Amino acid sequence: MIFPIGAMQRTNSEKVGTETYDAVIVGSGIAGAIIANELGRSGKRVLVLEAGEGTGSTLNGYHEYLTRYFATAYKDNQSPYPTNPDVPMPRSSDARKITPGIPLTSGYLVQNGPFGTDTTYTRVFAGTSLHWEAKTPRMLPSDFRMQDDFGVGVNWPIAHSSLNDYYEKAEHELGVSSDVSVQQDPKLDLRFRTGYDFPMHSIPLSYLDKVVDRGIRGTSVELFGETFDLSVRSFPQARNGVPNPAYENGKGFAPVGAVDTVQSEMGGRCQGNNNCVPICPIQAKYHAGKTLAKALQNPDVHILTQSVASKIVMDENGRVRHIEVKRYHRPSSPEFSSLNVTGKVYVLCTNAIENARLMLASGLQSRNGLVGRNLMDHAYLLSWALMPQDCGTMRGTNCTGGIVNLRNGRFRTHQAAFAADIHNDGWGWAVGSPLYDLRLVVDQQNLFGPELRKELVRRINRQLLLAFMIDVLPDENNRVSVDPRYLDDLGNMRPVISYTPPEYTMRGAAYARQLARLVFQRLGAADYTAYDPADYGYITYEDEGYIIRGGNHLAGTHIMGPSADRSVVDENQRSWEHENLYLAGGGSMPTIGTSNISLTIATLSYKSAEAILRVI
Amino acid sequence: MPNNPITTIPELHEHLKVAMQLEHATIPPYLLALYTIRPDTNLEATRILRTVVVEEMLHLTLAANIFNAVGGTPDLIAPDFVPKYPAHLPDGETDFKVSLRPFSCAALDTFLDIERPRKAPTPDKRMIHKGARRFAFSLQHPDDPKHELAYYSIGEFYEAIADGLRYLNNEHCKGGSPLFRDKNQVGPKYYYSGGAHLIEVNDLKTALKAIDTIIQQGEGFDREDGGGFIRSIVTDDGELSHDFRFEQLKLGRYYLTKNAEGKPDKPGHPTGPELKVDWDAVYPTKVNAKLTDYTDYPELHAAAVAFNREYFCFLRLLNSAYNGQPNLLLTDLVPKMFALRNLMLQLIHVPMPGMTGFNAAPTFEMPSEEITCPEKVTQ
């Protein structure tokens, strides 16, 4: 995918101030990139504002990210992305246990708790899509009818089926590798248009997946009178696989590889580098830069980097008059110049936390007080074990398959559903393998030389980590707010988070732990799961301790709904109260079910782009 | 000399065998140049070299597809398949030598010679009298082994194959038995790089498209432009052809396929961003190293022999892929490519004892004795 030369320099602070764009888009992640591309293709004049620098738009820039990642000893999920004091972002090293009544202020996010989250997102060109794992399951129809079907949560204001065409567009743009024959599931009510199939075939299950599958086939569980047979299924993923020659009636599909200003031979197919999070070394994984490259083929699409949107200014009619932008000259200095950008419409695409933050910092709480409220993030519960045989752990992508049979069922009236990932990278997320194993084997087992190598291989080779991604319902008390006491270096207000996973989710977590035990038993695996009460994510539920981790799937803060009194945006993500303002992204989602949200974010972006084109 | 030397199947097969040899012959020199670049330097040169060498592998596969489709049987482990370097390739009136060199201007010059063959001044000069040259790949007339064929250039060689395919297809249509069949094709499922241009060959159209791809990606052949033939830097697919990719390194500037005027840059006049090359950040491997260079150094000798054997076994496995087991490309061959790279790097990093300023290098001399290759890696 070629990035047009000079595309990043089409405009500057002086020129931008003089014109009114058709659309001003804040944020260059998946949502911003897709909307910019759709509008650009239709001949509209678009300005994309990106807070980060332009790194990542060339292979040399991408190479900088890779070098930083490979060189660092602490490989957290943001490690490739440099600290930028003018555009701070949350990092997992910020996470701490929260003392009630004492806000945690040492990181970018100010956390009131009670739950200390380690959620992160990436404020760079192409956004968190550089860092994401790239699982792309569709939501389920019941996820859209939680209130009707299960008496919990809220209903979406639209039917799941109304998004089908947009889902297909999103799966095309993101380049999803999967097969309808694998994903179709009447029990989950997951159906696809007749004749549809994905652009590329499923990423093959790993050997570890297959060992787990063999072990659990034939096992079923019963929940509230319903039986579920367990099995392992591959996940749909936005990374390049074997193209499907039958895609789009035989048109086939050409995978999009690495982005650069010149032709690059890289990223045409996943090689199994195993560090998808936080960065794919070859760009076989989708990132929004690939869509931005397309968007920028249109000379009327402009992008301004190092531009932090700091205030949305309204006119007396409740329409956006302009957005104030702070342009910093260098990340190392808080000096900035101000400018105002104007458009016929404005689209906020900065993610659920930042969209809400910007609205509230601009004094734009809605009359119903819902901006920032209903913050959701998938709750992750980890369980890990040592398999009785070699499983070839540490090969392939982070995750190729999982147990998804419990994504839906009558039990959702009582407890959260979940999808379980089988991690191909061992106990990394749980305890910090393989470094963890190295320390253990050297410091405690006192091994060295060939014995050290053998023991490391023996241990790591057999590591099985199950990560249960658990549904979280909207709860108005979980929220993003702002407080003028907490500012960043540019003087922008930081997000203040109040959050705890709801009981509904903890019931699901408790069940997930039981299921993990059952699975390990069937596999003959030794359960090594242990939850340390000193951990920041430790939560007790019914006298049992669990550690809940954030999923970085942020949603709910500008919830979509059927009317202005009960929601912030309509079904096209247009603000009820400000007719030329759209808030795009996870923040619009009323529920998150058991689907990683990026595919649905992309889907909603296509729907919004269509709606925007009708008015500009 | 006839303009069209291919009028029988055996002649066609002979030419296609040589085509495969030719495509393969460029791979060791390109790989060596690529791997002699010091890590984390010359990123642009690395990417360009890598793109080109992956496309050569595509060409090899395309040649195998054509060969299979017309009833041939690829044989990558025939004794003369891997040439002895320096190898002589035809280029106009004289030959040029292809050596195993570290990344350098001299290496680039050779690559440009390979990728930018000359067109014969007139069609009847396509073939050349044998006495004038020493074509590395002996093209013998199948019915008369003493009669050797030689071509003006690689481009002309492929044009002759294309003509031969057309001629024979025509003849066979008249006769009633098809020239082409669906046999042992390697499709895009098994080979995913090189611009995803892999073509399964089963008729004249696909065969000619395959040849066209080989020629196009290599030469970006002359294009008619309102009167005469003008070299274009781009192929039909709008991508830079190999020779211009290499030329960027020599000229120190990128070519733009779409410049300020919306047109591709003119040859010799790139207008893209600067392209820096650090010619010193290279392991100075000995040019055309041979096993005999290592006779006094048993460890080095053993490593060099190990590489040659590994390469031979790789070719044997690749041969199976081209002879009905394309799945090996996915399961075994790609991991083996990484292993080969590691063995090459082992040699490249070692300074030559007794020869200051030079490093060791793989020799690509295939074992003449029977060797056992390890079992396939996957179950």
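Guide: Gladly. Helices (H or I, at least four residues) and strands (E, at least two) are DSSP runs, numbered from the N terminus. This is a predicted model, in which local features need pLDDT of at least 70 and side-chain atom pairs count only at pLDDT 80 or more, while totals for chains, interfaces and linings use all residues. Residues are numbered from 1 along each chain as its sequence is written, and chains are lettered from A and ligands numbered from 1 in the order in which they are written.

Visitor: Where is A:Pro278 placed?

Guide: A:Pro278 sits in the loop between α8 (247-250) and α9 (288-295) of chain A. The peptide bond joining A:Val277 and A:Pro278 is cis, with omega about 15°. Another cis bond runs from A:Gly113 to A:Pro114, with omega near 5°; A:Pro114 belongs to strand β3 (residues 110-114) of chain A.

Visitor: Is A:Asn446 buried or exposed?

Guide: The general idea is a count: a residue is buried if 20 or more other C-beta atoms lie within 10 Å of its own, exposed if 12 or fewer, and partly exposed in between, with C-beta atoms placed from the backbone. A:Asn446 counts as exposed because it has 9 C-beta neighbours inside 10 Å. This residue, in the loop between α12 (435-444) and α13 (449-460) of chain A, is not a glycine, yet its phi is positive, near 55°.

Visitor: And what is phi of A:Glu542?

Guide: A:Glu542 has phi near 50°, again a positive value in a residue other than glycine. It lies in the loop between β18 (538-541) and β19 (544-550) of chain A, and is exposed because 8 other C-beta atoms are within 10 Å.

Visitor: Which residues does A:Asp390 contact, leaving aside its neighbours within four places in sequence?

Guide: Two residues are in contact if their C-beta atoms, placed from the backbone, lie within 7 Å. On that basis A:Asp390 contacts A:Asn461 and A:Arg462. A:Asp390 is in the loop between β11 (379-386) and β12 (399-403) of chain A, and is partly exposed, with 13 other C-beta atoms within 10 Å.

Visitor: How many residues of chain A are in contact with chain B?

Guide: 14 residues of chain A are in contact with 16 residues of chain B. The chain A side divides into 6 nonpolar, 6 polar and 2 charged residues. Here Ala, Val, Leu, Ile, Met, Phe, Trp, Tyr, Cys and Pro count as nonpolar, Asp, Glu, Lys and Arg as charged, and the others, Gly among them, as polar.
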